[in-house]
Amino acid sequence: MSDQAAYDVESILLRLKELVEAGRSMPMSASVLVNREEFLELLEESIATLPQELRHSRWLLKEREEFLSQARREADDIIEAGRVRAERMVERTEVVREARRVAQSVVDDAEASGRQLRHEAEDYVDQKLAAFEVVLERTMHSVQKGRERLQVVIEPEPEPDADSDSDYEPEMEELPVSIEVEADLEDTFFDQDAR
């Protein structure tokens, strides 16, 4: 605000004051009679001489409330968006944490199931090998008995007498050679095939 404009406004306001002070008092009242045209003319002159900054500041004061309410709305929107985003981040974190927990549980279950299957397979193979071992032992025993039976002692043939008939041929005795498979071994073979 320039000094000249301030002086002009001040002088107009002083003239208005003088006008009110010089006005006639109304009986039994604090009111005074002033010349309306002169008073309005001075008021308009004072308004016209107000500096531009003052008019601008009055406009800003009017707009201030609207600006503040808009700023509050924007701040509330930003706060709400931040809260929603934070909730989403927390939800994502919880979802990720839950997914990791479930994945670890699945891996643990799979490892336990794998260990159990491996032990069951080892037990099954061990049982089969034990049964096969029994069959092999029985078979070896039967083979050994059969070989023992096959080992026939051959007695030397008597030499023919010179006195006897040269056309004489001694009869060959047939040796009873048979391999008998023990009944319990046959059952073992059949049992093994059934498995």
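Guide: One term before we start. A residue is buried under 20% relative accessible area, exposed over 50%, and partly exposed in between. Also, this is a predicted model.

Visitor: OK. What pattern does the protein follow along the sequence?
Guide: Reading along the sequence gives α-β-β-α-α-α. That is four helices and two strands.

Visitor: How many of the residues count as buried?
Guide: The protein has 195 residues, and 8% of them count as buried.

Visitor: What about confidence? What does the pLDDT average?
Guide: The average pLDDT is 77. A score of at least 70 is reached by 74% of the residues.

Visitor: Where is confidence lowest, and where is it highest?
Guide: Helix α4, residues 183-194, is lowest, with a mean of 50. Helix α3 is highest, at 88.

Visitor: Let's go to charges. How many salt bridges does a search of the whole structure find?
Guide: Four. In general, side chains of opposite charge can pair when their charged atoms come close.

Visitor: Which side chain does Arg83 meet in a salt bridge?
Guide: That of Glu80, at 2.2 Å from N to O. Both residues lie in helix α3. They are three residues apart, which is about one turn of the helix.

Visitor: Next one. What does Glu94 form a salt bridge with?
Guide: Arg97. Their closest N and O atoms are 2.7 Å apart. Glu94 and Arg97 are both in helix α3, again three residues apart.

Visitor: How accessible is that pair?
Guide: Glu94 is at 42% relative accessibility, so Glu94 counts as partly exposed. Arg97 is partly exposed too, with 48%.

Visitor: And what about Arg101?
Guide: Arg101 forms a salt bridge with Glu98. The closest N and O atoms are 2.5 Å apart.

Visitor: Why does Arg101 count as partly exposed and not exposed?
Guide: Exposed means over 50% relative accessible area. Arg101 is at 49%, so Arg101 counts as partly exposed. Glu98, at 37%, counts as partly exposed as well.

Visitor: How far apart are Arg101 and Glu98 along the helix?
Guide: They are three residues apart in helix α3, so about one helical turn separates them.

Visitor: Which residues do salt bridges with shared partners join into one network?
Guide: Glu80, Arg83 and Glu87.

Visitor: New topic: the surface. Which residues form the negative patch?
Guide: Glu37, Glu38, Glu41, Glu44 and Glu45.

Visitor: Where is Glu45 found?
Guide: In helix α2, which covers residues 36-49. Glu45 has a relative accessible area of 33%, so Glu45 is partly exposed. A patch residue needs over 30% and no salt bridge.

Visitor: Which residues form the nonpolar patch?
Guide: Tyr124, Val125 and Leu129. Together they have about 310 Å² of accessible area.

Visitor: Where does Tyr124 sit?
Guide: In helix α3, residues 52-150. That is also the helix where confidence is highest, at 88.

Key. Residues numbered from 1 in each chain as written. Predicted model: local features only at pLDDT ≥ 70, side-chain atom pairs only at ≥ 80, totals over all residues. Heavy atoms only, no water. Patch = residues over 30% accessible without salt bridge, like charges linked within 9 Å, V, L, I, M, F, W, Y side chains within 5 Å. Areas by Shrake-Rupley, 256 points an atom, 1.4 Å probe, with all protein chains shown as cover. pLDDT = per-residue confidence, 0-100. Lys, Arg positive; Asp, Glu negative; His and termini not counted. Charge placed at Lys NZ, Arg CZ, Asp CG, Glu CD. Buried < 20%, exposed > 50% of the residue type's maximum accessible area, 1.4 Å probe, protein only.
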